[in-house]
Amino acid sequence: MLYVLQQTLNALQLGSIYALIALGYTLVYSILRMINFAHGDIFMVGGFVCFAAATYLQLPFAVTLLLAMGCTAILGAGLERLAYRPLRDAPRVSAVITALGCGIFLEHFVLWLSPYPQHVPALLQNQTWSLGGLSVSSIQTAIVAIAVALMLVLDFIVQRTMLGLAMRGISMDMKAVALMGVPVDLVISSTFAFGAALGGAAGVLYSLAYPVVDPYMGVLMGWKAFIAAVLGGIGHIRGAVLGGFLLGAVEILVTAFLPSTYRDLTVFTLLLMLLIVRPHGILGRPTLQKV
Amino acid sequence: MCLLEIQGLTHRFGGLCAVSDFNIKVTEGELLGVIGPNGAGKTTLFNLITGVYRASEGAVLFRGSDLVGRAPHEIVKLGVARTFQNIRLFKELSVLDNVRVADGVHAGYGAMDALLQLPRFRREESSGRERSMQLLERFQLDEYANTQARHLPYGLQRRLELARALATRPKLLLLDEPAAGLNVGEVDRLMDLLREVREEFRPTIILIEHSMRFVMRMCERLKVLDFGTTIAEGTPEAIRSDPKVLEAYLGEETPR
Amino acid sequence: MSTPKLHAPSHRHRKGMLPALLAGGLAASYLLPYFGVLSPYVQLILISVGVNIILTSSLNLVNGYMGEFSVGHAGFMAVGAYGAAVLSVNVLPYGAAAPWLFPLAIVAGGLAAALLGCVVALLSFKTRGDYLAIVTLAFLMIVKSTLENLDVVGGARGFLGIEKLTTLPWVVAWSVATIWVIRNLVHSRYGRDIQAVRDDEIAANQTGVDTRRAKVLAFSVSSFFAGVAGGLLAHHLQFINPRMFDIAKSTDMLVMVYLGGIGSLGGSILGATIYTLLLEALRPLGAFRMMLMPLMLVLLMLFRPRGIMGMREFSWLLPACDRDAREAAASDVDKDGKA
């Protein structure tokens, strides 16, 4: 029983990181129907900003987190402005390829700055509390708490503010919303910024838990978070959160019972099976083809 | 001779009954019009005949065999072709290749013939090409043969869709609002074209249309749908004065 | 429309161009190294150009002509590589002694990949677009992790001791075969069906296209040649491991396809050649090279979103009758221009 609880904690920690990244994919997808394949690398940049801030500037954790989120937000909005916006009317696949290219560029740019994996110094003092045999670390608590707080903030923005209303409007009909006088470009830029900031935050939380950053760390994490988004139903904000936690749980579950080399195999087999049964994710609705 | 007989055709989307208990007999060579307000189930009827949807109940007997449950491409091969309400061409393909896709339904060569460029492949390909080209000429589209379909002006796109449907050599042709979006002059030309098509290819035609002028001039018989049920049937003259039809189109009449 | 007659003589001598080019290339690839004209280094580069041409044109069939977004091509390649390697090392270990065993192993690897391609095609009946992209990704990851956990083929450490059987003439022959087969397929009713599915699946089905057959055909032919490329690579490097066939490998192929242009075999040949040669030429730049390549890709997409060729085709890759038509059309335009 204790063991199960302990693993649940681990699953929550991993899941909240996946969920944060998955939100970035889903936000962009819901408004532009575009998969931002550079998003995993934005997560990686978040990790590196965290590394730099902690190593060279020795900033306190809260400032580091905000700095990383700020940098990645600017990066996300910048990518949109420079690389994706000119392609908004081009074949959809051109934008996807551009995103792939941007991702590879980010990886190699960081690789050029820092050819070796870097160790991130401890950002928070780690305390371990024992609750009736269950050991809860302060880092674990902080990761889950920050992630959940960010999700709540995002949910508030999307559901309760004018900006969120504009975002939801664009996701339904961009042209109509533009005719209503909504500054579409601005809303899209801020959506990218929000998504990227969440990815950046995930990068910081990740380096809190696993304190090594390397330029390629965003590739597999990015793809997996993307899968989390698809699991939940891409384009659905709550689906992304659900998918993230689900993926974290499955991964922890698999590593608890099988050798760790079977983790990816199981996760992807499950994904495939789920897509066969529910081709549009758990919360997604199939789009009806009109004839 | 009866080409198409539909018996008790019913289709439900969830709780909504889009088509209910539809019956009809269409004789060979006839031109039947189906009219009705938006959402009356006209396009759904076409989708049921061509196999896009599988009917909940009923039978679609085409030359004696039931089409319900057959794959759409098999239905085409049996001799049913259609056009779409909102034009659906193969946009990136050339005008000629749009027709060749349809013509390919009857091509008599297999994958191996194509991969190894066997004589049968070359023969069939060049005759198919010839046929498609002739069809384009017939529809005055030959000068656009190598243009991508998406670059064609709207009126010509409608015409190409008709040519593509005819390239499958249909016995039954389903036209879904062929005059939609055309101006008066274009509609007149379309009517002339349709008359020529009937002369030359002799297909049986069912057409959905909102343009009353078009329907009244072209169709021998009309069927009026509303909320999935047939509310009237008969010659255009009879339909024009049918109170039920007026009600469906104009709403409840003031006391009679 | 009397122009085709006028042009007839010029086609006749052009008609033999494709076969002549092929025979010439094959002879050159065999003779030049034999007389020591091509240095081993140049041969090495040519081999990787050839393998990339096979990969790119086969991926173009699914991603370009059929308009899906498969990211699983490296998975098919892996299946072909391991299939061929197992066959030539464990089952038929006398490959060098009997030269016909090598093509047999390559074909077997290709067939294994094609079989899996059919499975993915079955999945593509239900899902399309972004979700199918995920299916192919999941497929790739499953293949890779399965190989990592299969101790019979060396697991994560990799598969060693493969004989060096891949030579330049073999690579040229297979590249030519790939282009020839895909070109013949694309310019037949099967290829037009595949492209019709890309443009509008429902309209295609309603025009008599057996969309399922089109999908199975595209996926199986495409993955067959990916498997062939894998087999050639395995017998070239003499060592393979699962990490070689990861997402980055698929990304490389995607870049080559979209660089050259979707829906164009000429584009695939150009894309693969330019990408491979450029990567090689920029080697002195070190770390900058890896930044420059994606940057160029992004710039290309911004200024030419459809790639270098963008749905156009070299006329020597077109079948004879379409070539005539195009020239006739071109000469009509000429006449109009002059008049």
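## Two helices side by side in chain C

H3(C) and H7(C) run roughly parallel to each other, a label given to angles under 35 degrees. In this predicted model, residues are numbered from 1 along each chain as its sequence is written, and chains are lettered from A. Local features need pLDDT of at least 70, side-chain atom pairs count only at pLDDT 80 or more, and totals for chains, interfaces and linings use all residues.

H3 spans residues 40-65 of chain C and H7 residues 168-186 of chain C; they pack at an angle of about 20°, with their axes 9 Å apart. Axes here are lines fitted to C-alpha atoms over the stretch in contact, with angles from 0 to 180 degrees between N-to-C directions. Helices are DSSP runs (H or I, at least four residues), and strands are E runs of at least two, numbered from the N terminus.

## Who touches whom

Residues are in contact if their C-beta atoms, placed from the backbone, lie within 7 Å. H3(C) contributes, among others, C:Leu46, C:Ile54 and C:Tyr65, while the H7(C) side includes C:Val172, C:Trp174 and C:Ile182.

## A look at chain B

Turning to chain B, you will find ten helices and ten strands. Its C-alpha atoms fill a box of roughly 75 × 40 × 35 Å, taken along the principal axes.

Buried residues make up 43% of the 256 residues in chain B; buried means 20 or more other C-beta atoms within 10 Å of a residue's own, with C-beta atoms placed from the backbone. Of the contacts in chain B with a separation of 6 or more, 67% come from residues 24 or more positions apart.

How values were computed
Buried ≥ 20, exposed ≤ 12 C-beta atoms within 10 Å, placed from the backbone. Contact = placed C-beta atoms within 7 Å. Parallel < 35°, antiparallel > 145°, perpendicular 65-115°, else oblique.
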